[in-house]
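User: Hi! I would like to learn how to read the features of a protein model. Could you walk me through one, step by step?

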Amino acid sequence: MILVTGATGTIGRHVVDVLSRTRPVRALVHDRQAPWEGAPVQVVRGDYADPPTLAAAMDGVRAVLVVTNDPLRPEHDAGLVTAAAAAGVRHLVKLSALAVTDPDADDLITRWQREAEDRIRASGMAWTFLRPRAFMSNALSWARSVRHEGVVRAPFADAPNATVDPRDVAHAAVRVLTEPGHEGRAYALTGPEPLTPLRQTEILAEVLGRPLRFVELSREEHLRRLAARHPEPVAEALVRSAERQLAGAKGRPDDTLPRLLGRPARTYRRWAEDHADAFAPAAAEGEPQ
């Protein structure tokens with residue numbers, strides 16, 4: 001049995017979908033309706049802050065995809081590792097971030113990921129770390145303004161990032177969870193090319209067949225938008241992380257993902273083509289202008 005935590009998230013849901021085609025998989029969810037109800041997936045409800053629910057989820061599990069999402073609650077990471085060790089789990093596959101390898105990255109989120117990796121190394125269980133760059137799907141945050149205004153608003157117009165398709169990260173996770181030989185290894189997972197937000201906007205416009213205007217946000221505007229969705233320390237960490245792109249810290253593609261998957265990594269253009277409906281003009285959806 002393989003347990004996927006964060007199973008309804010960006011990576012977890014794809015991992016569950018792929019695994020469930022060929023083998024038993026258990027999906028840990030919080031309280032949202034799981035999309036696999038009635039499918040060949042064991043859905044268990046639990047909470048990182050509730051040890052008994054974690055213990056129940058880990059029962060009989062061989063490997064766990066570890067996905068946590070709150071840098072202000074490192075005890076969630078600790079509780080998950082403790083529950084896995086107590087249940088006799090043999091292999092932890094941790095979704096981390098490539099920023100942990102950058103000595104200049106010292107924001108809250110990167111420190112949290114480093115500490116989570118250290119905790120897993122010290123657990124005595126076999127481990128593998130998946131370290132992706134930013135997800136191409138982050139562009140979905142532009143969808144509303146693209147639909148209604150034909151505008152993309154983002155910071156750092158000319159800062160490159162070798163963004164990666166979440167589906168590729170999920171397929172890498174499946175390989176690592178189901179094949180031997182990945183223990184004790186850390187994988188850098190990037191897309192095939194560095195793209196700036198401005199170039200992403202241009203590609204999206206080409207895919208949609210309509211002009212899009214790019215509006216560069218100032219640091220203050222970007223922080224204000226993030227603070228509307230995240231606690232202030234997390235918002236500040238996200239801005240500091242984004243600023244590292246300005247010096248090219250996130251722009252170098254890595255060939256690990258193609259070697260791991262045995263095929264090229266998906267391009268941003270391919271991602272945009274596959275998600276074009278999310279950016280469809282409001283009038284085409286019957287929405288008010």
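**Charges over rings**

Analyst: Happy to! The charged end of lysine 94 lies over the ring of tryptophan 112, 5.5 Å from the ring centre. Keep in mind that this is a predicted model.

User: Which ring does the charged end of arginine 121 sit over?

Analyst: Arginine 121 has its charged end over the ring of tryptophan 127, at 5.4 Å from the centre.

User: How do I read a pair of aromatic rings?

Analyst: Two values describe such a pair: the distance of the centres and the angle of the planes. In this structure there are 3 aromatic pairs. One of them joins tyrosine 268 and tryptophan 271, which are stacked, with 5.9 Å from centre to centre and 20° between the planes. Planes under 30 degrees apart count as stacked.

User: Is tyrosine 268 buried or exposed?

Analyst: Tyrosine 268 has a relative accessible area of 1%, so it is buried. The relative accessible area of tryptophan 271 is 1%, so tryptophan 271 is buried. Phenylalanine 279 is buried too.

User: What about the protein as a whole? How many helices and strands does it have?

Analyst: The protein has 12 helices and 9 strands. Its radius of gyration is 19 Å, close to the 19 Å that the globule rule gives for 289 residues, so the protein is as compact as a globular protein of that length. The C-alpha trace spans about 55 × 45 × 40 Å along the principal axes, and 49% of the 289 residues count as buried.

User: How do I look for empty space in a model?

Analyst: Rolling a probe the size of a water molecule over the atoms shows where empty space is left. Here, the second largest pocket holds about 160 Å³ of space. Its lining residues include Leu98, Asp102, Arg133, Thr190 and Arg252. Sorted by class, the lining has 4 nonpolar, 2 polar and 5 charged residues.

User: Which residue other than glycine has a positive phi?

Analyst: Phenylalanine 156 is such a residue, with a phi near 55°. You will find phenylalanine 156 in the loop between strand 7 (151-155) and helix 6 (166-178). Its relative accessibility is 10%, so phenylalanine 156 counts as buried.

User: Now for the surface. Does proline 51 count as buried or exposed?

Analyst: Proline 51 counts as exposed, because its relative accessibility is 54%. This proline 51 lies in helix 2 (residues 51-58). Between proline 51 and isoleucine 109 there are 24 Å in space, C-alpha to C-alpha, and the two are 58 residues apart in sequence.

User: And what does glycine 79 count as?

Analyst: Glycine 79 counts as partly exposed, because its relative accessibility is 24%. You can look for glycine 79 in helix 3 (residues 74-86). From glycine 79 to glycine 6 the separation is 73 residues in sequence and 14 Å in space, C-alpha to C-alpha.

Notes:
Residues are numbered from 1 along each chain as its sequence is written. This is a predicted model: local features need pLDDT of at least 70, side-chain atom pairs count only at pLDDT 80 or more; totals for chains, interfaces and linings use all residues. Side-chain values use heavy atoms; hydrogens and water are left out. On a 1 Å grid over the protein atoms alone, a cavity is a set of points where a 1.4 Å probe fits but cannot get out, and a pocket is an open set with protein on both sides within 12 Å along at least five of seven lines; lining residues have an atom within 4 Å of a point. Grid points are joined across faces, edges and corners, and a volume is the space filled by probe spheres set on the points. Ala, Val, Leu, Ile, Met, Phe, Trp, Tyr, Cys and Pro count as nonpolar, Asp, Glu, Lys and Arg as charged, and the others, Gly among them, as polar. Rings of Phe, Tyr and Trp (its six-membered ring) pair if their centres lie within 6.5 Å; planes under 30 degrees apart count as stacked, over 60 as edge-to-face and the rest as tilted. Buried means under 20% relative accessible area, exposed over 50%, partly exposed in between (1.4 Å probe, protein chains only). A charge sits over a ring if NZ of Lys or CZ of Arg is within 6 Å of the ring centre and within 35 degrees of the ring normal. Helices (H or I, at least four residues) and strands (E, at least two) are DSSP runs, numbered from the N terminus. The radius of gyration is taken over C-alpha atoms; the globule rule is 2.2 Å times the number of residues to the power 0.38.
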